[in-house]
Structures are given as C-alpha cells and as structure tokens.
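Please read the following note alongside the sequence and the model.

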Amino acid sequence: MSRIYEALQRAELEWKATQDSESSRAPAPDCLPPIEESPAVEDVVAPGNIAQHAWKLSIPSLPTLTERSAAGEQFRSLRSRIQQACYQAPLKTILVSSGMPSEGKSFVAVNLAISLARNTVSSVLLIDGDMRRPTIHNLLGASNTPGLSEYLSGATELNDIVQRDRRPVTDESSDARKISNLAFIPAGKCGDNSSELAANHRIEKLVSALSPHFDWILIDSPPVLAVTDAVELARAADGVLLVARAESTPFDVAQRAQAAFSNSRILGFVLNAAKSAPSAGAYNYYYGSEVADDRAKSGTDSRRKP
Ligand SMILES: Nc1ncnc2c1ncn2[C@@H]1O[C@H](COP(=O)(O)OP(=O)(O)OP(=O)(O)O)[C@@H](O)[C@H]1O
Ligand SMILES: [Mg+2]
C-alpha cells in the first residue's frame, strides 16, 4: 500500500468520525424548537393589524380637530408649506424640536400630524420621541407603554408598539374619522438612559422599516439645548421643523437650536402661539428657511415656565 493511499484512507476515516460526532450532537429534525419569527412589517402595519386602543382625545389641545378654528387654518397652511418642501427634496420623516422646554413642540407635532391625516390620502405615523417627559399620549388619551423606549432597548418588537384609535368611524365629521389615518408610537417607559437609546441607531431601523407604509412620519422630541436626544433622533429624519414661542423664545435660543441641527436639513421655524404677525425685524432670520414662520394661534396659553 503506497504512503499516499494510506494518508488518503486515514483522512477519510477522520472525516467520517467528525461527521458521526457532529450528527450525534445535533438534535433530530423533529426535535428542533419552533422558530419564532416576528411578523413581517407589512403584516404589522396593515390597517386591520395595528393594535387598536380606545383613545380619549384632549379636544382643547387639538384645535385641528375643530372645523374652521383659526389654529386649524394655521396648521393647514403649515401642512401645505411642508408639502411644497417635498418638491425641493424628498421629505417624509420630520423631527419636531426646539431649544427650550414648553415652546410647543408636542402641540405642533400632534396638531400637524392630525392636519396631515385629515388629508384623506395621507397615512401618518406620529412618534413620541420625548422619552423623558412624554406628553402626546395624554393629548390623544392613549396608553404610553409599550413604546419607543422598549423598542429601542430591544425589549419589544414593532408590532407591540404601534397603535391607533379604536372608535368606529361613524360619520364624515366625527373625530374618529379625522384621525382614522393616524397611527401612533408612544414614548414608552421613561428612564435615565434615553440618550443612549436615542443614539443606538435602532430608530433608523424603525423608520426605514415603517417608512414604505406611511406618507408622513412625525417625531416629537425633547428640547435640543437641554439634552442630546433630539440630535440623535434627527439622524432618522429627512428634515427638522423647529418651534419658537412668540414673546417667549429669546433670539439666541432659536439661533442655538438651529445650530445644534447643523447636520440636518432645517425645514424652518414655526412661530407658535403668536397673537399677531411678527414685526419686520424680529424674526426675519427665519425667512431663508424652506417652511417659513407659520403661526399656531390660540387664545389660551397654559404653558409651563421653563
Ligand atoms: N399655540 C398654543 N396655544 C395654546 N396652548 C399652547 C400652544 N402651544 C403650546 N401650548 C400649551 O403650552 C404647553 C407646552 O406646550 P408643549 O407641551 O407642546 O411644549 P413642548 O415644547 O413640547 O414642551 P416640553 O419641552 O416640555 O416637551 C402645553 O400645555 C400646551 O398645550
Ligand atoms: Mg413636548
């Protein structure tokens, strides 16, 4: 027997021995544990599959629900400016932010979302990205958990966090009809790790998975001069809409908020709660923006002091 033949035989025996021991370690096919696959995103966001909750809308904070209110008109105007901004560059995901607390980010985000959703051809996803002081669930009267923070921490899947209103759409003018195109992801449980969650890039994964299924995605955020979350979340957005509060936001705060998003496409400022048109000099630094200074006017002003 030649030495080459012997070597080949030894190699074959060794190979067989490895195969036998591998197959003795592997469980028989019928003993394999069932593979738990999460539902496809298409299944999750099919209108009938989104979890339905009975929302209790806070009507005084949602003037866009009311026919012919002055604020409703202002939000329609903002909506059309945003739609026009699409012609300059693709725009679907918008982060709403501002420099300081209480300037009206959540008020603008939720009312703009409703205004977009009332345009019946648009399906809208509103995400509460303020995982420190979430408020949007209160305005919609929705549950706040599970939500974004649970998804970003890997504790839950997409299908657990998207919700919509359960009430039947009875007639054309009902509130349920006005928000029937609106889906919502609440902020989830608040913790002191929201900066890390916002920065872990799962938000980009979430937006790219859901983006094909919605016409608009709005993300509310905490004040950018206080914490870094908004800048991190802005990476998932096509543009940033800034809010300044009339007679309250100092000029330099608005400027610094704008500078904080230097890596993002700034759509412009919403001048919120203005009682009258801005004076010529006061806000002319906004005019270069794609969406100029819209005003969400309202008689009531129940703001908290920063
Ligand atoms: N245009 C407006 N008319 C009347 N009330 C308003 C208006 N804008 C905001 N508010 C009220 O002011 C308060 C603060 O607004 P909001 O919660 O939207 O601010 P925010 O910027 O999201 O604050 P935070 O940074 O704490 O999240 C809320 O009670 C809200 O209802
Ligand atoms: Mg807010």
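Predicted model: local features only at pLDDT ≥ 70, side-chain atom pairs only at ≥ 80, totals over all residues.

1. Strand β2 covers residues 93-97, and five of its five residues are buried, so the strand is largely enclosed by the rest of the structure. In this context, a residue counts as buried if 20 or more other C-beta atoms lie within 10 Å of its own.

2. The side chains of β2 deserve attention in turn. Thr93, Leu95 and Ser97 point one way, while Ile94 and Val96 point the other way, and all are buried. In general, side chains in a regular strand alternate between the two faces of the sheet.

3. Which strands pair with β2? With strand β6 (residues 216-220), β2 forms four bridges in the parallel sense. Within this pairing, threonine 93 lies opposite isoleucine 217, and leucine 95 has isoleucine 219 as its bridge partner. Strand β7 (residues 239-245) also runs parallel to β2, joined by four bridges; here valine 96 is partnered by leucine 241.

4. Strand β6 is likewise largely enclosed by the rest of the structure, because five of its five residues are buried. Trp216, Leu218 and Asp220 lie on one side and Ile217 and Ile219 on the other; both faces are covered.

5. Strand β6 has a further pairing, with strand β3 (residues 124-128), to which it runs parallel over five bridges. In this pairing isoleucine 127 stands opposite isoleucine 219 of β6. Isoleucine 219 is also the bridge partner of leucine 95.

Terms used:
Residues numbered from 1 in each chain as written. Chains lettered and ligands numbered in written order. Buried ≥ 20, exposed ≤ 12 C-beta atoms within 10 Å, placed from the backbone. Helix = DSSP H or I, 4+ residues; strand = E, 2+ residues; numbered from the N terminus. Pairing = 2+ DSSP bridges.
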